[in-house]
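Please open the structure in a viewer and keep the sequence at hand.

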Amino acid sequence: MNRTIRIPVPAEFDFSVNLDYLSRSPDESLYRIRDGRLYKTIPVGSSAAFFEVGAEPGFLLVRPLDDEPWSDETEREVTAYTREWFDLDNDLSPFYELASRDPILHGVVPRLHGLRNMGIPDLFEALCWGIIGQQINLAFAYTLKRRFVETFGRQVRRGDVDCWLFPEPRDIAGLDVGDITALKMTTKKAEYLIGVARLIADGELGRERLLEGDIRSAEKKLVSIRGIGPWTANYVLMRCLRYPSAFPIDDVGLHNAIKAVLQEEQKPTVARIKELAVGWQGWEAYATFYLWRVLY
């Protein structure tokens, strides 16, 4: 019989706030939310582990939904994934102290207390999501992602709950451009997705290799890849590689959020954002994540 895994959470954590963030699109198919619980499947070896995430004071509760008992490896993989997904190993108290004195963040952070920078632990998924979301609104990006996942990924069901596994790089690497443009993506995005898939499938690109150096070397490697500019690179640095100083400063959503917080008529220029963000040093990723949430 599989046992429930109890994962301690930091004081600066609120499951309901993070669940609210994860609920932002009805087109999400990589996880499901029902009655205050989160359902997810991840690949472990040649199989898939299906689990439910709930909460009680001080803990996340991870309950296996598979019929067969989990191995120690599966339990470790699921625990590690959940900790990474919710960014549980990051102490946010310095960020909250910084935000309390910041002219932009001081009114934003308390309203979202306990929100974590919800991660995308899989590099291929993070890169694809960054590419798919280029120069389109969030709602359409989710629609395209769902089509991509449900066309090339794998559905896993336990009882009346189903989740999808993100497509494997090797499966996308073998596609023709037309296979992806049929989903109403542009030819360029189809080419970029296939190109990234081939790099990962061939072992030329990987999460561990990007983490070997510092943020600048990782960013340089990412922007050298066709289809990945500074915005996409910093999105991946922030959501997957967890560099705290990742800063997608050209992001339109960030600009609109700052405009809204400051109650100004015009969006700030990049030069002005650099001035405003001087106090965010070392926490640019979290400042951006919280400001994005202002818009929704």
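**First stop: H4 and H11**

Select Leu123, Ala126, Leu127, Trp129, Gly130 and Ile131 in H4, which meet Trp231, Thr232, Tyr235 and Val236 in H11; contact means heavy atoms within 4.5 Å. By class, this contact has 8 nonpolar, 2 polar and no charged residues; Ala, Val, Leu, Ile, Met, Phe, Trp, Tyr, Cys and Pro count as nonpolar, Asp, Glu, Lys and Arg as charged, and the others, Gly among them, as polar. The axes of H4 and H11 come within 9 Å and cross at roughly 145°, the axes being lines fitted to C-alpha atoms over the stretch in contact, with angles from 0 to 180 degrees between N-to-C directions.

The model is predicted: local features need pLDDT of at least 70, side-chain atom pairs count only at pLDDT 80 or more, and totals for chains, interfaces and linings use all residues. Residues are numbered from 1 along each chain as its sequence is written, and side-chain values use heavy atoms, leaving out hydrogens and water.

**Second stop: H10**

Next, select helix H10 (residues 215-223), where the buried residues are Ile215, Ala218, Glu219 and Leu222 (buried means under 20% relative accessible area, with a 1.4 Å probe and protein chains only). They lie on the same side of H10, because they cover an arc of only 100° around the axis. Their cover includes helix H4 (123-132), helix H9 (207-210) and helix H11 (230-239).

Finally, select helix H3 (residues 93-100), in which Phe95, Tyr96, Leu98 and Ala99 are buried. These residues of H3 pack against helix H14 (284-294).

Key
Buried means under 20% relative accessible area, exposed over 50%, partly exposed in between (1.4 Å probe, protein chains only). Helices (H or I, at least four residues) and strands (E, at least two) are DSSP runs, numbered from the N terminus. The arc is that of the directions from the helix axis to the C-beta atoms.
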